[in-house]
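I opened this model to look up its folds, cores and charged pairs. My entries follow.

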Amino acid sequence: MRKRTVIPLIIAVVAFLALGLALYLRAKAPPEAARLLPECDAIVYVKLSTVRTFTHFDRTPVEHSAYFQRFIDATGIEPERDLDEIALAMHRVPTPEPRKPGSPVADIFTSEVFVGRFDGQRLTRYLASSATARESYAGVDIYTVPIEGETLRVAQLGYDIIAMSNMPLVEQIHSMVDRSRASGLSSPGSSLLATHYRDVPQLPLPSQAWGIGHIGLPFSQDGNISVMGLQLPLSENTDLVASLRYSGSVHLRVEEFAPNEDAAQHTVETLTTVLGILRALGSEHLQSVPVRDPSALAMHDVLTSATITQHGKRAELNITATTDQLKALTAAQPSPAGETSAPADASKH
């Protein structure tokens with residue numbers, strides 16, 4: 001009798017431990033949308049459902065292009081309302097030689113995974129009517145849809161998952177189909193995701209938006225990294241991990257993975273100098289105006305919150321902003337050119 005009791009107990013304990021381990025690994029794994037992305041040079045992920053809860057951006061009317069509005073009308077998919085997650089992969093493809101002077105050294109293509117609420121039948125009808133070709137791969141229909149001069153391949157991987165890619169070849173969309181057919185534990189995702197997802201902050205709350213990849217991907221030119229005309233003290237092969245978290249305030253963290261400690265120290269010293277200059281200019285501006293500009297005050301406070309630290313080969317930038325500060329900064333953004341000077345009845349035309 002004792003043996004009959006012990007054996008089922010052991011089996012139950014082993015099963016319980018196995019289930020607990022599976023749930024733990026599942027919790028530590030990247031989101032499924034990110035795991036489905038193919039091999040790439042950079043990844044951006046946004047948990048839109050959480051952002052929507054905090055910001056209510058879906059309540060703000062958005063003007064879409066004529067093409068995109070036709071897509072919404074045909075499929076019933078309104079991105080602001082229906083999308084819960086977006087994962088985007090960026091592919092850097094060198095442009096062929098010879099290149100014209102000043103031309104980019106590479107073209108950027110993208111692959112995306114969208115998770116949300118879709119009417120599969122309406123989406124299929126739209127894709128079938130718009131596609132110039134259809135391929136059946138691993139039991140999934142892949143539609144080739146021409147959009148504004150480029151070719152987009154689209155596949156519905158599940159009732160709530162859509163994959164797209166504008167890469168010239170089919171390997172990327174095939175890879176996403178293959179990953180969707182594998183289990184989460186057996187498909188950890190791309191090598192970039194497997195290497196750096198552990199560096200995305202998850203405590204005390206998971207990051208609602210994050211990105212990982214090579215800084216040189218969109219910004220490099222002739223070995224230099226420039227953003228809005230400002231040359232940064234970074235190698236074009238530098239890996240960055242950026243994350244946004246909201247817990248009453250918005251917290252931005254950007255971490256550089258430098259080739260060595262000297263390179264990380266150079267980044268910290270240079271950015272510390274730039275940050276000091278910006279703080280001094282902000283303070284001077286606040287003292288020079290009779291009435292404090294809310295946006296200038298918000299920018300000053302945000303810059304004051306910024307910290308730059310070094311941890312071995314890593315350089316880390318942290319910035320915190322309250323929702324009121326973000327609203328002040330957003331309100332200060334100029335209107336699109338010509339909007340303020342447009343005739344009052346322009347909307348009638």
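**Strand pairing.** I count two strands as paired if DSSP finds at least two bridges between them. Helices (H or I, at least four residues) and strands (E, at least two) are DSSP runs, numbered from the N terminus. The model is predicted, so I kept its rules: local features need pLDDT of at least 70, side-chain atom pairs count only at pLDDT 80 or more, and totals for chains, interfaces and linings use all residues. Residues are numbered from 1 along each chain as its sequence is written, and side-chain values use heavy atoms, with hydrogens and water left out.

I looked up β2 (residues 83-94) and its partners. Strand β1 (residues 42-47) runs antiparallel to β2, joined by 6 bridges. Strand β3 (residues 106-116) also pairs with β2 in the antiparallel sense, over 11 bridges. Which residue of β3 is the bridge partner of Glu85? I found Val115. Glu85 is also the bridge partner of Lys47 in β2. I noted that side chains in a regular strand alternate between the two faces of the sheet.

**Totals.** I listed 12 helices and 15 strands. Of the 349 residues, 36% are buried. My cut-offs are under 20% relative accessible area for buried, over 50% for exposed, and partly exposed in between (1.4 Å probe, protein chains only). The protein exposes about 20700 Å², and carbon and sulfur atoms supply 60% of that. Areas come from the Shrake-Rupley method with a 1.4 Å probe; for residues, only the protein chains shown count as cover. I then checked contacts, meaning heavy atoms within 4.5 Å. Among contacts with a separation of 6 or more, 62% are between residues 24 or more positions apart.

**Cores.** I took a nonpolar core as a set of buried Ala, Val, Leu, Ile, Met, Phe, Trp, Tyr and Cys residues joined through side-chain atoms within 4.5 Å. The largest one has 28 residues. Leu37, Ile43, Val113, Leu157, Leu193, Trp210 and Ile212 have the most contacts inside it. Helix α7 (residues 171-181) gives the most to this core, with 3 residues. A second, separate core has 17 residues, including Leu48, Ile72, Ile77 and Val145.

Leaving aside neighbours within four places in sequence, Val113 contacts Ala33, Leu36, Leu37, Glu85, Ile86, Ala87, Ile161, Ile162 and Met176.

**Helix α7.** Is this helix mostly covered or open? It is mostly covered, with 8 of its 11 residues buried. Met176 and Arg179 are among the buried ones. Arg179 counts as buried because its relative accessibility is 15%. Arg179 and Pro38 are 141 residues apart in sequence, yet their C-alpha atoms are 8.5 Å apart.

**Asp82.** I found Asp82 in helix α5 (residues 79-82). Its relative accessibility is 6%, so Asp82 counts as buried. Not counting residues up to four places away, Asp82 touches Gly76, Ile77, Val115, Gly116 and Arg117.

**Salt bridges.** I required a side-chain nitrogen of Lys or Arg within 4 Å of a carboxyl oxygen of Asp or Glu. The structure holds 10. Asp84 pairs with Arg117, with the closest N and O atoms 2.8 Å apart. Asp84 is in strand β2 and Arg117 in the loop between β3 and α6 (120-130), 33 residues apart. Asp84 is buried at 17%, whereas Arg117 is partly exposed at 43%.

Next I checked Asp199 and Arg314, whose closest N and O atoms are 3.3 Å apart. Asp199 lies in the loop between α8 (191-196) and β8 (209-214) and Arg314 in strand β15 (residues 314-322), so the pair ties together parts 115 residues apart in sequence. Asp199 is buried at 10%; Arg314 is partly exposed at 30%. Glu255 and Arg253 form another salt bridge, at 3.2 Å, and both residues are buried. Salt bridges with shared partners join Asp199, Arg253, Glu255, Arg314 and Glu316 into one network.

**Ala138.** Phi here is near 55 degrees, a positive value in a residue other than glycine. Most residues other than glycine have a negative phi. Ala138 sits in the loop between β4 (133-137) and β5 (140-147). Its relative accessible area is 47%, so Ala138 is partly exposed.
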